[in-house]
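Open the model in your viewer and keep the selection panel at hand. The stops below can be taken in order.

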Amino acid sequence: MSAVSPVFGEVAVPGGALRVARFGTGPRVVVAVHGITASLMSWGAVARRLPAGWSLVAMDLRGRGHSADLPGPYGLPHHAEDVNLVADSVGAARDIVLTGHSMGAYVAALAAAGRDYARVVLIDGGLPLPQAPGSDPDAVLAVTLGPALTRLERTFPSVEAYVDFFRAHPAFVGAWGPEVEEYVRYDATGPEGAVRSRVRAEPVRRDGRWLLTEGEAIGDALRAARSPLSLLRAPRGLLDQPIGMLPEEVAAVWAGRLPGLRDEVVDDCNHYTILFDDRCASLVADRLTR
């Protein structure tokens, strides 16, 4: 594993600039998009496991990380426009592997619609999730993102207390390591006695509503993608529960609709550790660079 540290910069987007980090100096590039309450540092473990000759560029999306104060509009299509601007700042799309995790996979699918990326790799996201007829998106959000939204509205007495809060998260029990801690510390901000997440709750809610109500737009984007598409799925979920974010039946439906889609389950990981566990992150790095 490489010990490479991220080199930070900015990319101009409407309304300001996104914080961007580049891991490595290799000429072959992966552009990576994080999840709904995450940051660019969620990609550190994968980036450090890329083979020689590769580098990874990740950004803090609007409302997250060091891009938290960037104004809207929010919604996944706007994030996709920002991602394409980041990709344009790196090089020609046809030479770039585009990837995204969780919500970032949906953003990557939208960004790839009608553009010629070298490949697009969706990680535990990117496929429309079926919703019960008449379901209330806010109620669904409360169930699926409730614990995360509660965290965004809390303050903690210190950075160490924030780290300890994450250390007890069901997804990380028995799976804690220095790269998880690096990710958590990057997210912490505020003075002693009032430490909080850098992620803003309102953009998360708006993006979550879009994700839950625009399944047709996501499906259209997947069908419009001209790049080879692959999907990596975790068998366990957000809280390490035995049902993953994308169950077999959902993946099977979309494998039938997208004949070129390559679907693979990454054994023995959950929605978070697919990016952090040594074996899982190594497999993701391998699949990104094949």
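This is a predicted model: local features need pLDDT of at least 70, side-chain atom pairs count only at pLDDT 80 or more; totals for chains, interfaces and linings use all residues.

Residues are numbered from 1 along each chain as its sequence is written, and side-chain values use heavy atoms, with hydrogens and water left out.

**Stop 1: the cores.** Select Val31, Met59, Val83, Leu98, Leu122 and Leu222, which touch the most other members of the largest nonpolar core, a set of 56 residues. A nonpolar core here is a set of buried Ala, Val, Leu, Ile, Met, Phe, Trp, Tyr and Cys residues joined through side-chain atoms within 4.5 Å. Buried means under 20% relative accessible area, exposed over 50%, and partly exposed in between (1.4 Å probe, protein chains only). Now colour helix α3, residues 103-112, which gives the most to this core, with nine residues. Helices (H or I, at least four residues) and strands (E, at least two) are DSSP runs, numbered from the N terminus.

Centre on Leu98 next. Beyond its neighbours within four places in sequence, Leu98 has contacts (heavy atoms within 4.5 Å) that include Val31, Val83, Ala108, Tyr117 and Arg119.

Stop 2: Which cysteine sulfur is nearest to that of Cys269? A search of the whole structure finds zero disulfides (pairs of cysteine sulfur atoms within 2.5 Å). The nearest to Cys269 is the sulfur of Cys280, 3.9 Å away, and the two are not bonded because that distance is too far for a bond. Cys269 is buried at 0% relative accessibility, and Cys280 is also buried, at 0%.

**Stop 3: Phe156.** Move to the loop between α4 (137-152) and α5 (159-167), where Phe156 lies. Phe156 counts as buried, at 2% relative accessibility. Not counting residues up to four places away in sequence, Phe156 touches Arg151, Ala161, Tyr162, Phe165, Gly193, Ala194 and Val195.

Stop 4: Ser39 is in the loop between β3 (28-33) and α1 (44-47), and is buried at a relative accessible area of 0%. Residues up to four places away aside, Ser39 touches His34, Asp60, Tyr183 and Tyr186. Finish on helix α6 (residues 178-187), whose buried residues are Glu179, Val180, Tyr183, Val184, Tyr186 and Asp187. They lie on the same side of α6, because they cover an arc of only 160 degrees around the axis, taken from the directions from the helix axis to the C-beta atoms.
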